[in-house]
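Please read this report alongside the sequence and the structure.

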Amino acid sequence: MAVELLLQPEQDSTYHIESESEPHPPFITLGFSLWACTVTSQSIHMMDPYDRTRYGSYQCNRHQHKVSINNPGYTVFFFFCFVLFLKSFPGTSDPYVKFKLDGKTFYKSKVVYKNLNPTWNETFSLPVKDLNQKLYIKVYDRDLTTDDFMGSASVVLSDLEIDKVNELSLPLDDPSSMEEDMGVILVDMSLSLRDGDSKRGHSVGSPQSYRLSETLKKSQLWTSVVSVTLVQAEELLLDTQGGQLFVRFRLGEQSYKSKNHCKVANPQWRERFTFNKFLEGPEILEVELWSKEGRRTEECLGMCEVDLSRIPFDRRQLFTHTLGRGRLVFLLTLKTCSTVSISDLCAAPLDEPQERQNHLKKSLKNLHDVGYLQVKVIKATDVLAADLNGKSDPFCVLELGNDRLQTHTIYKSLNPEWNKAFTFPVKDVHDVLVVTIFDEDGDKAPDFLGKVAIPLLSIRRGQQITFQLKKEDLGGLSKGSITLELDVIFNPVRASIRTFQPQERRFLEDNPKFSKKALARNVLRVQTQYRAIISTLQYIKSCFQWESVQRSLLAFLVFVVTVWYWEFYMLPLFLVLLILRNYLRIRSGWVSHDLVSPRAESERRGLMEKIHMVQETIITLQNLLDEIASFGERIKNTFNWSVPFLSMLAFLVFVIATVITYYIPIRYIVLIWGINKFTKKLRNPYSIDNNEVLDFLSRVPSDVQKIQYSEVRPSRKKKIL
């Protein structure tokens, strides 16, 4: 990987330093060539969805701006060869290096995964004004949440001799570590004078800028897709029968976890996962079989690795790997992917009619390629100020399913303009495009500024739309807006077929945390559905009760005619009529799809009202779970003779029902039942309405009631002589 970086200390987006009259301090260009490192540390277990390493070092994206330097300077070339102390951690390391100058990180190398002898092959340069500065070199190990610091070293630029290779051995230091020997960094540096006749720096069209642009694209764009189908495990040797089994797949930072399966000797999963393979990404697919007992007790039963560099394209391979306690069977297919791209607005792929036709024809070759999405990220307006100076350093992350791309960073601006076009392959037309704006915060995690979510089916072709930014949970509005131009093309036939197939699994993420707001919202949603069902049942009951003679008479005639002439095709016909009815009501404006969020009402409540709301929510959930559990337990206890009288009664009823349905067609039975229901109120106006089945089940005790009603036998105590 080769990266060249041209930076200038000024902060505006275009640099012009061409004053002939005013003297300028001499500029220095720092050029770096990063090659190899040897480290160990803990390995990665899951993916950071906003990890900037995967998208490339976004600090490098400023290569697009013109740099004009009119003064002579110096050039520093670094050749790095890292030999680090092997820490006493199990496994291997995922090292990367950060370079800091003047308190800012100006370059971050890529992560080399699970390699004790990593190779980077990266090149970059930096113009500076002052040699009396320290260059800090910091080594980190990529980890799950917070990267592990492995040591740092520093070099004073003024100590370097000009036009001479300076061979330095820099010891790594970590003040918070008890280890005396953290390792050393072997550095070869040379400081040379730049040609003073050079009036211009690297322009956009220069070979260096072109190489930089190509390198940045390679760091973000995947070139192939790995499809893994988990079939089954065979002849597993299990210590215990309790617990669950699952399989974890990992390719670099992309990680999937299969569904949990009960512990058996030959479990079958039949699940499919998809990985994006980058040009210079990891080549080893790790497969691990895990056993889980309880919430936190997990044990790895075995693992294997697959070298993807040896897998041929477009050929499905069957793998049967022997683990420590059995075998694991899975299928693997490697396919090329050339439909993802990053370009300027003037070179957007789908703007040309011929390109649109070519992209649509390509979607006919593979069932999983439904279509293509083009997103033009134009600008954002009035975003939040995340820095102390009242400004932000915003950049955008675009997510479509598990696919992610990122813009460059616009420094010190609340109204950034990116003017970039991104193209995604569409695997499912029901996916949602999520655009998130972050504030770059140096070594720390980026600060959230705003987010929008756009379903693909709601996109109107080629229209430029300004979206209001929302909060992180998409529940309320945030400050600012973002302007996008969206265009999606897809094959309707393939999109329809894909609708009836399983959705793509998401990458392994953190375990969900408890939220009282989410609990209250979900309980409210269940209550809304419950009220709708009760309202429908009350409407049907009113027909039996003859509250409206005209409505009950019409319902009775429809019931008799439908039952008498019933054919199975009438069921889908009824659903067609129901969907058509709702469509006409929406088109005519009788029904609206606008939803009102309960957030505004909840925010107006006081503290005591919120406490009472939480109590009511928990009580409602407690009662709901009790009713569901009791209903299932009563059905079970009916068949296991918990109450012999009720079980015998159910036995006699089922025998009579069997004889009746054997000799009498079901059509006549339903007709007699319906006539009895409709005429019951007419025959006896003061009769009490009831449901015989529910009345019977209410007499059957649940498991809790069985324990409560059981006789407690006194324990026998031994007599002490």
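Strand 20 (residues 371-381) and strand 23 are antiparallel partners, joined over eight bridges. Q374 faces T423 of strand 23 in this pairing. Strands pair here if DSSP finds at least two bridges between them. This is a predicted model: local features need pLDDT of at least 70, side-chain atom pairs count only at pLDDT 80 or more, and totals for chains, interfaces and linings use all residues. Residues are numbered from 1 along each chain as its sequence is written, and side-chain values use heavy atoms, with hydrogens and water left out.

Strand 23 spans residues 417-426 and is mostly covered. Eight of its 10 residues are buried, meaning under 20% relative accessible area, while exposed means over 50% and partly exposed lies in between (1.4 Å probe, protein chains only). Strand 19 (residues 341-344) also pairs with strand 23, in the antiparallel sense, over four bridges. There, S343 stands opposite A421 of strand 23.

Which residue sits in the loop between strand 22 (403-406) and strand 23? That residue is T409. T409 counts as buried because its relative accessibility is 3%. The C-alpha atoms of T409 and E440 are separated by 7.4 Å, although the two residues are 31 apart along the chain.

**Overall make-up**

The protein has 12 helices and 27 strands. Helices (H or I, at least four residues) and strands (E, at least two) are DSSP runs, numbered from the N terminus. Of the 721 residues in the protein, 41% are buried. Take the contacts between residues at least 6 apart in sequence: 69% of them join residues at least 24 apart. Contact means heavy atoms within 4.5 Å.

Strand 3 (residues 95-101) meets strand 4 over four antiparallel bridges. K100 has T105 of strand 4 as its bridge partner.

Another open sheet of four strands runs in the order 14-10-18-17, again with antiparallel pairing. Strand 14 (268-278) and strand 17 (317-323) form its edges, each pairing on one side only. Here too, neighbouring strands are turned by 25° on average, direction ignored. Inside this sheet, strand 10 (residues 222-234) and strand 18 (residues 326-336) run antiparallel and share 10 bridges.

**Helices**

Helix 4 (residues 516-545) packs against helix 10 (residues 666-683). Helix 4 also packs against helix 5 (residues 549-564). Axes are lines fitted to C-alpha atoms, for helices over the stretch in contact, and angles run from 0 to 180 degrees between N-to-C directions.

| Helix pair | Angle | Axis separation |
|---|---|---|
| Helix 4 and helix 10 | about 60° | 7 Å |
| Helix 4 and helix 5 | about 95° | 8 Å |

How do these angles classify? Angles under 35 degrees count as roughly parallel, over 145 as roughly antiparallel, 65 to 115 as roughly perpendicular and the rest as oblique. Helix 4 and helix 10 are therefore oblique to each other. In that contact, helix 4 supplies C543, F544 and Q545, and helix 10 supplies K677, F678 and K681. These residues divide into three nonpolar, one polar and two charged. Ala, Val, Leu, Ile, Met, Phe, Trp, Tyr, Cys and Pro count as nonpolar, Asp, Glu, Lys and Arg as charged, and the others, Gly among them, as polar.

Helix 4 and helix 5 are therefore roughly perpendicular to each other. Y539, S542 and C543 of helix 4 touch R551, S552 and A555 of helix 5. This contact has three nonpolar, two polar and one charged residue.

Helix 6 (residues 570-587) has 18 residues. From first C-alpha to last it reaches 25 Å, close to the 26 Å expected at 1.5 Å a residue. That expected span is 1.5 Å times one less than the number of residues. G589 follows helix 6 and has a positive phi, near 90°.

**Positive phi outside glycine**

R270 has a positive phi near 55° and is not glycine. R270 lies in strand 14. Its relative accessible area is 54%, so R270 is exposed.

L474 also has a positive phi, near 60°, in a residue other than glycine. L474 belongs to the loop between strand 26 (463-470) and strand 27 (477-490). With a relative accessible area of 32%, L474 is partly exposed.
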